[in-house]
Amino acid sequence: MLLKYAKKYSKWIIGQLFFATVWVASQLAIPRLMVDIIDYGILFRNMNQIMNRGLLMLLATGVNIISLLISLFFLTRVTAGISRDLRGDLFEKIIDWSKETRGSFSNSTLITRTVNDVKQVSILIDMSLRKIYTLSITVIGAIIISFLIDVKMAAIILVIIPVIFFLAVKLTTKALPKYSRIRKAIDQMNQRFRENVTGIRVVKAFNKSDYETNMFRKATKEACEANVEAESTMMLLSPLILFFTNILILIMLYAGGVRAESATITIGALVGLIEYAIMALNNIQQFAAIITIFPRSKVSIDRIREVLTKEEVLQIKEALSALTEKSTEKAIRFENVGFCYPPSCMGLFENINFELNKGEIKAMIGSTGSGKSTIVRLMMRDYDVRQGQINCNGQNIKSLSNEKINQIITHIPQTTFLFSGTIRENIQTGKKDATDDEIWAVLDMIQMGDFFRQAEEGLDFHIAQNAVNLSGGQKQRISIARGLIRESDFYVFDDCFSALDYSTEQKVRRAIKEKLFDKGILVIAQRVATVRDADEILVIDNGSIVGRGSHQELERICKVYQEIITSQKSLNEREAK
Amino acid sequence: MIQEPDRTKEKKEEGLPGISRGAGGAGRVAGFLASGSAIDNKGTLLRLLKYIRPFKWFFITAIVLTLLASGAQIFIPRMIGNIINIITSTFQKNITLDWLTFRNSAIILIVLFIVQFLSTYFSNVLLVKMTQKLIRSMRNQMQEKLIRLTLKYFDRSSTGDMVSLLTNDLDNVANTLQTGLTSSLTAVVILIGVVIMMFSIHDVLALLAMVVIPISYLLVKYLVKKAKPIFQRNAKFTGHFSGQVEEIYNGEDIVKHYNLGDDLKAEMSVLNEGLYESEWKSSLVSFLTRPAGDLILNANYVLVAILGGYYVISGALTLGSFQAFIQYTQMLRAPFNQVLGILNTIMSALASAERIFSFLDAKETIQAGTGEIDISKTLGRIEFEQVDFGYTDELLFKNVNLKVNPGEQLAIVGTTGAGKTTLVNLLMRFYEINDGKIILDDRDTKQYHTDELRKAYAMVLQDTWLFSGTIRDNIAYGAAVSDGKDLSEVSLEDIKAAAELARADSFIERLPAGYDTVLTEGAANISQGERQLLTIARAMIKKAPIIILDEATSSVDTRTELFIQNAMQELTSNTTSFVIAHRLSTIHDADRIIVMDQGAIVEIGTHAELIGKGGRYAEMYTAGQL
């Protein structure tokens, strides 16, 4: 997956790798020049040679810095570029998903994937291109140069390097699973602490201070032990490699001594070889410390991939559009609709039949969790029906694009969500080119025109994140206004009067009725007062329609409806007595 | 819709000082290097050292071992230099090698290697154990503090900031203690040792090598200062981008159903582009210190090579010493970079420690009495006697008086901010009253231990807090659990009975895993109404003589609410109850209704009485506010 993203930047990556190679080469050249300084300069007391090689070294240093700078310049663009592309693709993918496709992904995991996981991947790319690559070629380069200097000595290095490499990898792989234990323990501990903060009243009210402290102590103990275990293993790595490096040097010195007697090696070569050996082992040590990033990044990559490869399950089925020809009809019809939520088939319901025509007001009432909102979700094609079909203006909604459905039906959702920004911007999310006059008109309908007229900023009134500067009722009304400014055939009000007091609700509903007199309206509510004026009321209980008719009819015949009335109206009756 | 991030957050008094999050390590470091921080570093450091006291033998041993290891490391190049000298003289004078001296040096070297290996390893392990234990005790201390703090503190600090103390700040301290401590010690010892060794080899060369230190320090400092605005800009862009993503994902329904997708894609792609720019610039800048340091060290290496070569030729230096010197210059590189880095991490860790300490020092104003309570004998008579209270210096309650009889059902109504929840907070003694008395049965509540007092109350709050765990455990949470036991102690029968009373049983049993269903964080996998039912069940299982319901059924439909009320009435015929509600249906059956306004009780009476009186309540009633 990453390769695909990297392709776009292949020129820059090649550039980066090229200059990184130059950087390593110049770095490797410096000890090699030192060999010459000793062998040709110092030993032959030739100051010219020293100056010559010294200048070359200076040159190498210059090349070294410049190539490093250039490679970093390319590198940062590559990593930032790939992050940008990943972020963009994730974001666009996610906001295009239907509810059905989104399934069990929570908002917080999607945010983590779009922001934190991408960050982790960019660290991985940075490490691979900057560190892993240069470390590897440094080791290889050091060995090659050693061979060029002296084959026999280099062979000693070559023997010991795999041993150390093997040891390093072994230790790291042994420690890695322990790191995931740490991660888990720390997550658990942090979660406990966070919940203590958010639930402090409950903790105190139920005298759970000691209990929480006990549980927290357990969590910290686990975190402590996991850390000690993992770190103790990893702590062995660097001293061990250093030890081997030192032993290697000693062996080389011994071999050097033996060969010095027979004059088959120069001092400069010996010194140079020792330096290359140190360099190679040092790089292996760094390498071992860095490879821990791979398993950590793999989690992130997998999570990103999971999002990017998840295809939209709700496809537009063109073939179905041919089935019906009454495309002039203006109505939404549910025909034998059956549905349950994936994956465990919760909230099951079957055989839902009803229709909503233009110019009609229909209402649904029922308990929490009875399935009312699910009906709206199906209507908006957030999910596909499992049985039966839903027709919208004579066409099966499966044959319509989401844009089209959204143009025909305006949904005013149950949970009021407002963007942070001005009130004008928020209303304009309903209608992009709405003029101030139009906005004032809808604000007046929801009885908030005066509120904003009195506000200093008027339509520039700033709504904070999560609309914390507005009350629940105000939020609901603004959400209604944003829906009202849209132009469509049908309007669905999903339990969005619940936070309004009775008199305001009445005024708002009257205004809605006036404006939308020729449209189809579906009102979903828990209050009888909200639904009683509707042309037809559907009573939903446990996923089925248990009664339908006008308020007067239902009052007489529908048991559930009667119970709802009693729960809300007992007071009025008592007063009548 | 896409706005500049809101920067107008008020500074909260008495709460946590603002914590810059998301600024990223580099940004943080930059901040500390560039601006001499004004915190009391010395005091914080001393206090932090106090935490080490219980582990002082660990610590001292670790330091001794570190010194040993560093000492070995310093002598190793010197010994290698000796061997090279032996080889050189063999080479130059064409004589046989002095194997005896070689062997002796080699033996010393091997001993040094072993000393270095063992002491490094064991000092590291000791330090890991010490820091982990130390951090654990700090963590425990923080949690205990958290539980003891008054709610005033919570009102003034954001959740994120408090959690960040444990996650970011304590981690920061832990990392610095664990790696920073050893590496800074090693670095300093080696730095000093190397300098001494260098001067003992050749003073002019050593001076030349030293020049590097101030130059690179100044260079790095200059770069970091220059980089600060770039880091800050990147942090701001990152924060802004994630903020927008979060908002858009949360507004999923509107985004989808109002066809906002394309517009948002366009807007976000602009933001993403900006983030790209700031990201590559800031990471480039953060890498820049490296080439800068390299340049100086490499240049230094070259100069030493040339000048050193000259000295060897002129006989002022042996080849072995020259080689040792070169190794020492190389050795300078690592500790030098480390010291630079560590200085920053230590400063940042001290700042973190300071925040933790200020949290640990926060006042706990509630003075708990020692009185115990026997719930079976508690009648539930409550009296407020001339109570004054305010969240800030400004009083909200002035001279509030109220008598509640045992078994009475009291409804509390009033607009937002009238003081309804405050009344509950005071009953539970979440806050300390400024003046007056609150009496339970015949005793001033101040005489009870707060834990004892709270045994008398079962409470359901508007805010439906549930922890991540099974439904079963969440309900069991309301029951008393003996010391050291966990929630499995509570029997499933009790849990089911409580769920039934709260009418939560039917929805729980419809879930695939039933009572073992695991709630995610924030219980996002069930609806708000269902969450309320669970919190009611949790209160039901407590069987307390006094019940407090603060908007407990606001998200439950009225029909279900009625069922719950009936069930509760059966259960609690002799329980005193306080019910805060907006809905008329919830309050009309109460024995008495209290109407509150701006912290004062303005009316008391039954529904009929209050309507008849034609006061505030009647006004609210006719205005349809109930």
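In the contact between the two chains, chain A takes part with 120 residues and chain B with 123 residues; two residues are in contact if their C-beta atoms, placed from the backbone, lie within 7 Å. On the side of chain A that touches chain B, the most is given by helix α3 (residues 47–96) of chain A, with 27 residues. Helices (H or I, at least four residues) and strands (E, at least two) are DSSP runs, numbered from the N terminus. This side of chain A divides into 56 nonpolar, 43 polar and 21 charged residues. Here Ala, Val, Leu, Ile, Met, Phe, Trp, Tyr, Cys and Pro count as nonpolar, Asp, Glu, Lys and Arg as charged, and the others, Gly among them, as polar.

The model is predicted: local features need pLDDT of at least 70 and side-chain atom pairs count only at pLDDT 80 or more, while totals for chains, interfaces and linings use all residues. Residues are numbered from 1 along each chain as its sequence is written, and chains are lettered from A and ligands numbered from 1 in the order in which they are written.

Chain A has a domain 1 (2–309) and a domain 2 (326–413 + 488–576), with bounds that come from an automatic or database domain assignment. The C-alpha centres of these two domains of chain A lie 59 Å apart. Between them, 4 residues of domain 1 of chain A are in contact with 6 residues of domain 2 of chain A. On the domain 1 side of this contact in chain A there are no nonpolar, 2 polar and 2 charged residues.

Chain A also contains an open sheet of 6 strands, in the order β6-β9-β10-β3-β11-β12, with mixed pairing; two strands pair if DSSP finds at least two bridges between them. Because β6 (409–412) and β12 (544–549) of chain A stand at the edges with a single partner strand each, one side of each has no neighbour in the sheet. From one strand to the next, the twist averages 15°. Strands β6 and β9 (residues 490–494) of chain A pair in the parallel sense over 4 bridges, and A:F493 in β9(A) is the bridge partner of A:I412.

Chain B has 20 helices and 12 strands. Of its 626 residues, 46% count as buried, that is, with 20 or more other C-beta atoms, placed from the backbone, within 10 Å of their own. Chain B is divided into domain 1 (31–360) and domain 2 (466–543), and the C-alpha centres of these domains of chain B lie 49 Å apart.

Key. Buried ≥ 20, exposed ≤ 12 C-beta atoms within 10 Å, placed from the backbone. Axes fitted to C-alpha atoms, helices over the stretch in contact; angles between N-to-C directions.
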